[in-house]
Amino acid sequence: MTKEEFANRITQIRNKLYKTAVLYLGNETQALDVVDEAVYKALCGYRKLRQPEFFDTWIMRILINDCYNEL
């Protein structure tokens with residue numbers, strides 16, 4: 001996966017990530033921060049992802065873990 005592919009995938013699912021974070025946190029401001037943090041962590045580690053077809057599941061898991069950390 002290249003950086004361009006990463007950016008395109010993030011653009012496609014960013015709204016879904018945000019909605020999930022709002023459901024977990026109940027606060028829109030915190031949700032934005034957690035989404036940004038999850039995207040940053042994914043950007044730092046996307047080369048380690050062995051199966052790019054599971055990108056959506058992988059980043060969602062990062063987001064949910066960050067939501068739990070925030071709570």
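The packing of helix H2 against helices H1 and H3 is described here. The model is predicted, so that local features require pLDDT of at least 70 and side-chain atom pairs count only at pLDDT 80 or more, whereas totals for chains, interfaces and linings use all residues. Residues are numbered from 1 along each chain as its sequence is written, and side-chain values use heavy atoms, with hydrogens and water left out.

Helices (DSSP runs of H or I, at least four residues, numbered from the N terminus) were compared through axes fitted to C-alpha atoms over the stretch in contact, with angles from 0 to 180 degrees between N-to-C directions. H1 (residues 3–25) and H2 (residues 28–45) pack at about 140°, their axes lying 9 Å apart. The two are therefore oblique to each other, a class left after under 35 degrees (roughly parallel), over 145 (roughly antiparallel) and 65 to 115 (roughly perpendicular). The crossing of H1 and H2 is right-handed (the near helix is turned clockwise from the far one by less than a right angle). In contact (heavy atoms within 4.5 Å), H1 residues including Phe6, Ile10 and Arg14 meet H2 residues including Glu28, Val35 and Leu43. The residues of this contact comprise 14 nonpolar, 1 polar and 3 charged (nonpolar: Ala, Val, Leu, Ile, Met, Phe, Trp, Tyr, Cys and Pro; charged: Asp, Glu, Lys and Arg; polar: the others, Gly among them).

The axes of H2 and H3 (residues 55–70) come within 9 Å and cross at roughly 130°, which makes H2 oblique to H3. This crossing is right-handed. Among the H2 residues involved are Glu37, Lys41 and Gly45, and among those of H3 are Trp58, Ile62 and Cys67. The contact of H2 with H3 divides into 10 nonpolar, 2 polar and 4 charged residues.
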